[in-house]
Amino acid sequence: MSGLLTTGFCELIHTSASDPKDVIPIVQILNIKKISGQGQDKDRYRVIISDGKYFTQGMLATQNNPLVESKQIDKNTVVKLTQFASNSVQGRKLIIILALEPVEYNGDKIGNPTNLEKAEISSATHTNGGAPPPNGASGGASAPLRAAPSRAAQGGRDVGPLFPIERLSPYQNKWTIKARVTAKSEIKHWSNQRGDGKLFNVTFMDETGEIRATGFNETVDTFYEMLQEGKVYFVSRARVNIAKKQFNNVNNDYEIAFERDTEIEACDDESVPKMKYNFTSIGDLESLQKDEMCDVIGIVKEVHELGSVTSKATNKPFAKRDIQLVDQSGQSVRLTLWGKQAENFEHKDEPVIAFKGVKVGDFGGRSLSMFSSATMSLEPDIPEAHQLRGWFEAEGRNKQFTAYTNTNVTRTENAVANPSELKTIGQVKDEQLGMNDKTEYFSTSATVAFIKQETFAYPACANPDGCNKKVMDSGSGWVCEKCERTWENPIWRYILQMNIMDHVGSIWITGFNEVAEQIMGIPANDLTGLKEGGDESKFGSYFQKAVGQTFTFQMMAKQDSFNDQPRVRYQCRRVSEPDFVSESARLVQQINLMG
Amino acid sequence: MAPLAPEPRINASLLAKYRGQTVRLPAKVVKIVGSTATVEASDGGQIGVHLGRDMHIADTYVEIIGSVKDDLSLKALTSINLGDRLDMKAVQAVIEFSQSSKGEGILV
């Protein structure tokens, strides 16, 4: 068992002030790690050597590299250290192996050695090793190890020197970072064929960069409560892996995984910077590609209702909410919040919010979505926020913003095609909007080509409460069935049938009173009066004037059955002056996308 | 839109390219001092414009047709008033497209 190895060697090395002479110990290599040389330097191998009782770190002098490369020295190999030296590095002893010979052995790890350094700290007395420690027991000899535990500015105990996040790599696992938690996710549960688990993520940041850390299963219990957003911690003894970009969009090639041995300690040092942002103005969002990440800051102009979406993957509903953000560029954009953030979002008082790590989408031109690692910071104390607030109070409040969609963004039900997204009439026909049983909404920019002069209005109930039902002429008055009243004169309301046309095609639409009045420029009642009064030319002139106007029409397409034939009917819900600014912006976008 | 104009539409950064030539410059009037106007082009650059005596700059946005002098100021030949609202971003896009291969032959 341990007969083969020189038990007590590790302790001897650690406790001696100088290298023990005449000791040719036999130890087992538990692990070998290659440390790639930088530039001209050769690769070096770091080894863990065990004497059966304890294990400790060592470095192989490069002349021995061939032995490792030819696999003569490998994991679990037993070796005789024919020449070695020990160095004190940052309070720890590191054995430099200058020459070694492999010893015949075919087996696994001998004994159950524990980390000598850990043992040194926790136990006050040594167990005796081979040769008695020269300077007496724990007191003096473990001084180099003991000194380190004091929380000196250089960070950790013997858990590694203080590293900047930028220098973390999988090649070194003795490090400590001092960083602030800039984001902490919720605990997520999963279950798949391999079993169940839970995990959570945090993002750490220091002056040199940021890195994401994940804790699985037990580490969730250990660390989830302890880590608070915005506070600074020392982290050490965790594993550095290559980042899984699929889940991790933090700007670092690596990520950290918490392990059982990971140590995290709170730190009071506030000098670690808080959030670093790299804002894109809302007007410049169109220059970003879809699915890119960005940071934005803006004033929340509108908060929409909480909606719910059922995930196709998990079949579970989760909450979503849209908010409209505006900034000095004059542009507004829709940002979608999900889950808890959507539910808890309360701030209807036009606050400044900074978002980090939101994903750019192209829904309705440009839209933003909170990715799982995105963060939201309310009224942050940064200069951009103050500038925004100042601008908003001065002019932004009353400004008319151009949305990436249409200025009149109305959120209607069942919006499959975004109601505000402009479609050409060709697209309307191609996409067969309204031909399914669903009611579909869209907008189009078109010109009035023709208006039907017959049946342009109907007599409606004059009830001031707004009944609007068609009334029947009974000869002695107009009867409303719903109100059960008779009126002397009805109020005529438009039911205008128009043909609108753009550069691709034309469709017949129906416009009701409000819309038609805008187009005709005269209330239906007056127009009917003209017709009945016999003033044909004046009557006709209104129609002529109306034709040729260009508007942005907000439309509803629905299927109706017309003499047993299904027909799509297009109804106009709203009409507005075409917004040249946003339409030009849209065209610019489309041209840019052109090859 | 407007028929193809023989003069290219430019902004401040394109002035050097058309030194000595006649160009169109859509711009926002910043100030007028005597017969010299300072205007801001669609890319934000400011340009000095020498106006003739009979030129009336009435609106905030104008299009100046003129020749580019050696000192990169513009000697105005005529001007067109464009009202008090103009989407300079769209103007800038037009100018950029006309300079790039995308606009060749379509936009001047």
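**Entry 1. Basis of the notes.** I worked from a predicted model, in which local features need pLDDT of at least 70 and side-chain atom pairs count only at pLDDT 80 or more, while totals for chains, interfaces and linings use all residues. Residues are numbered from 1 along each chain as its sequence is written, chains are lettered from A and ligands numbered from 1 in the order in which they are written, and side-chain values use heavy atoms, with hydrogens and water left out.

**Entry 2. Strands of chain B.** I took helices (H or I, at least four residues) and strands (E, at least two) as DSSP runs, numbered from the N terminus. I counted two strands as paired if DSSP finds at least two bridges between them. Strand β1 (residues 22-33) and strand β2 (residues 36-41) of chain B run antiparallel and are joined by six bridges. Within this pair, Ile32(B) stands opposite Ala37(B). The two strands form a hairpin with two residues between them, and Gly34(B) in the turn has a positive phi of about 65°.

I then followed β2(B) to its pairing with strand β3 (residues 46-50) of chain B, which is antiparallel and has five bridges. Thr36(B) has His50(B) as its bridge partner in β3(B). A hairpin is formed here too, with four residues between β2(B) and β3(B); Gly44(B) in its turn has a positive phi of about 95°.

**Entry 3. Interface of chains A and B.** I found 10 residues of chain A in contact (heavy atoms within 4.5 Å) with six residues of chain B. The buried area is about 640 Å², and carbon and sulfur atoms give 62% of it; this is the accessible area (1.4 Å probe) that two parts lose on being put together, summed over both. Val581(A), Val588(A) and Ile591(A) supply 49% of the area that chain A buries against chain B, more than any other three residues. Helix α13 (residues 580-593) of chain A gives the largest share of the side of chain A that touches chain B, with five residues. That side divides into four nonpolar residues, five polar and one charged. I found zero salt bridges between the two chains.

**Entry 4. Salt bridges.** How many salt bridges does a search of the whole structure find over all chains? I recorded 14, each being a side-chain nitrogen of Lys or Arg within 4 Å of a carboxyl oxygen of Asp or Glu. Glu218(A) and Arg260(A) meet in a salt bridge at 3.6 Å, N to O. The pair links distant parts of the chain, 42 residues apart: Glu218(A) is in helix α6 (residues 217-223) of chain A, and Arg260(A) is in the loop between β14 (254-257) and β15 (263-267) of chain A.

Methods: Nonpolar A, V, L, I, M, F, W, Y, C, P; charged D, E, K, R; others polar.
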